[in-house]
Amino acid sequence: MVSRSSPHSQTNALADEAWITRLTPPLSGAHSGALSGLSFAVKDNIDAAQVPTTAACPEFAYTPSEHAEVVRKLLAAGALLHGKTNLDQFACGLNGTRSPYGAVPNAFNPLYVSGGSSSGSAYVVATGQVDFALGTDTAGSGRVPAGLNNIVGLKPTRGLISARGVVPAAQNVDCVSILARTVATAAQVLQACMGPDAGDPFSRQLTLNTQALPAQFKFGVPQQLEFFGDMQAKQAFDASITQMCALGGEPVAIDMTPHLQAAAMLYESALVAQRYAAIQPFFDAHPEHVMEPVRSIIGKGSHYSAADYCTAEIQMLGLAQVAHRMWDAIDVLLVPTAPTHYTIAQMQADPVVLNRNLGHYTNFVNLFDYAALSVPSVLRADGLPFGITLIGPSCSDWQLADLGQRYHHATGLTLGATGEPLPAMQAIAGLQAEPTVHVAVVGAHLSGMPLNTQLTERGARLLHSTSTSADYQLFALPNTTPPKPGLLRVAPGQGHAIALEVWEMPTRHYGSFVALIPEPLGIGTLRLADGTSVQGFVCEPQALIGAQDISHFGGWRAYVASLQA
């Protein structure tokens, strides 16, 4: 059974406007596969056979006889299609208010925009209605709504996923994007649906980089940071830089002038003719059926000549050449996903300028053929999500996913707007991982502590911070240089949860690391708060006789801070 929403006024921002078509029961393909049992939705500019495709314009709607290639692959992998989601009309917008089917609200505060144009896809993922959803991304449409709704937005390298069966926004810079609550799910979906397609003129045979970024890496930070007066967003991004440093990164200031110049060209040059060309027959015949400001934006494209377009393309290639030099200095670029949040009322009062502001850090990415991944970073003091985006060169998709998953899990955030905890990290599909061992540290090897370099010199990287189960005591060992603690497991109910960090180290370096551990310390098995076990530092019981019990501090870092205070 197919149920469809009707076009209506956009004033009812409190309603759930995320769906255009619901499928009951959901559409199934294969009974087993890599995505077996996972539910998904697709943005309603992507074809599903015998289900109308509207692109959020009822008069444009048609009913395709075949699935888009990406939908076909997902169904063949066992996923279940639950329906089609709302969007900014013709995928023209980054805010989610430009639809006759209604403005899609933010999953955390319905007075605020969801972000667009993949607004409905982000909302149904954030609220737990499906496991993942497809969007499209030309200028940030798959990243901005992810960042504004506390979910993951994976924008793959252009041409990696077939766009056959997708209503284009600007075909030579479009790509299908993936929205999910975890990076691992998004990567799993990418693995299932990527691959060349002879039926898509922009599809490419690509070889992705399968090596993780080094444990010590350099990440770019824009010299020209813009938050449009939003101090909470600025504070959130400052915190993200600190978090990236904790994961082994070193910040490098990047001049973003060519990136910003390219972003401006997307709508203020002959490149906007791409949007007009995408729907020219319908637009020329029925301009009255295209809502404002979409009509004015697309209509501008009809005023440029072929020579204007060629000039703009050449200028864009020149900017890309200059921008690409940054990869000589950095491994990855870190930017805010969106520089601020706007209410639906604010956006509707000033739809062009505020929409452009939301794309400040996203518009240039596809123009320069980069890969990008938006991941949640923090919930601001006002309760709104703030996301960051990792940007890498073409074919860096798996590397971004690996770093993005580590970052996401280090935040301690819950999943989307569901309140559910993050699951355990998973191996990233497609990443060729070196054999590693996990080791827990509780004292002088913690990040920022004197012996942490014994980990980083061996290529170890911080996975996450957690604590032991409540069955341990921590002691300050006398006469140790640098000062070190001793950890002892005790009977259930007689101990404390002790803060620790879990690091991942290449197995080939583990022996040399263990050889550095002096008595009375050693390596044993620690039980963590979630019930799992990991190798970690323990102490011989006789060495603790007369040592100071510091368990009540909850960890070595808090104890050291008390001494400094």
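Leaving aside neighbours within four places in sequence, which residues is P450 in contact with? They are A444 and P482, where contact means heavy atoms within 4.5 Å. The model behind these views is predicted: local features need pLDDT of at least 70, side-chain atom pairs count only at pLDDT 80 or more, and totals for chains, interfaces and linings use all residues. Residues are numbered from 1 along each chain as its sequence is written, and side-chain values use heavy atoms, with hydrogens and water left out.

**View 1**
P450 sits in the loop between strand 15 (436-441) and helix 14 (453-456). Helices (H or I, at least four residues) and strands (E, at least two) are DSSP runs, numbered from the N terminus. P450 is exposed, at 54% relative accessible area. Buried means under 20% relative accessible area, exposed over 50%, and partly exposed in between (1.4 Å probe, protein chains only). A cis peptide bond runs from T481 to P482, with omega near -10°.

**View 1. The T24 to P25 peptide bond.**
T24 and P25 are joined by a cis peptide bond, with omega about 0°. P25 belongs to strand 2. Most residues other than glycine have a negative phi, and most peptide bonds are trans.

**View 2. Helix 1 and its cover.**
Helix 1 (residues 69-76) is mostly covered, with six of its eight residues buried. These are E69, V70, V71, K73, L74 and L75. Their cover includes strand 2 (19-27), strand 3 (39-43), strand 4 (80-85), strand 5 (132-136), strand 7 (176-180) and helix 4. Just after helix 1, G78 has a positive phi of about 100°.

**View 3. The largest nonpolar core.**
This core has 61 residues. A nonpolar core is a set of buried Ala, Val, Leu, Ile, Met, Phe, Trp, Tyr and Cys residues joined through side-chain atoms within 4.5 Å. V70, V71, L74, F132, L134, I178 and M244 touch the most other members. Helix 4 (residues 183-193) gives the largest share, six residues. V71 is in contact with V42, I46, D47, L81 and L134, leaving aside neighbours within four places in sequence. A second, separate core of 46 residues includes V167, A312, M316 and V365.

**View 4. Helix 6 against helix 10.**
Helix 6 (residues 257-268) and helix 10 (residues 306-323) pack at about 155°, with axes 9 Å apart. Axes are lines fitted to C-alpha atoms, for helices over the stretch in contact, and angles run from 0 to 180 degrees between N-to-C directions. The two helices are therefore roughly antiparallel. Angles under 35 degrees count as roughly parallel, over 145 as roughly antiparallel, 65 to 115 as roughly perpendicular and the rest as oblique. The crossing of helix 6 and helix 10 is left-handed. A crossing is left-handed if the near helix is turned anticlockwise from the far one by less than a right angle, and right-handed if clockwise. Helix 6 contributes P258, H259, Q261, A262 and M265 to the contact, and helix 10 contributes A312, Q315, M316, L319, V322 and A323. Eight of the contact residues are nonpolar, three are polar and none is charged. Ala, Val, Leu, Ile, Met, Phe, Trp, Tyr, Cys and Pro count as nonpolar, Asp, Glu, Lys and Arg as charged, and the others, Gly among them, as polar.

**View 5. Helix 5 against helix 13.**
Helix 5 (residues 231-246) and helix 13 (residues 397-411) pack at about 115°, with axes 10 Å apart. They are therefore roughly perpendicular. Their crossing is right-handed. S240, Q243 and M244 of helix 5 meet L403, Y407 and A410 of helix 13. This contact has four nonpolar, two polar and no charged residues.

D369 is not a glycine, yet its phi is positive, about 60°. D369 lies in the loop between helix 12 (351-358) and strand 11 (371-379). D369 counts as buried, at 18% relative accessibility. C395, also a residue other than glycine, has a positive phi near 75°. C395 lies in the loop between strand 12 (385-392) and helix 13. C395 is buried, with a relative accessible area of 12%.
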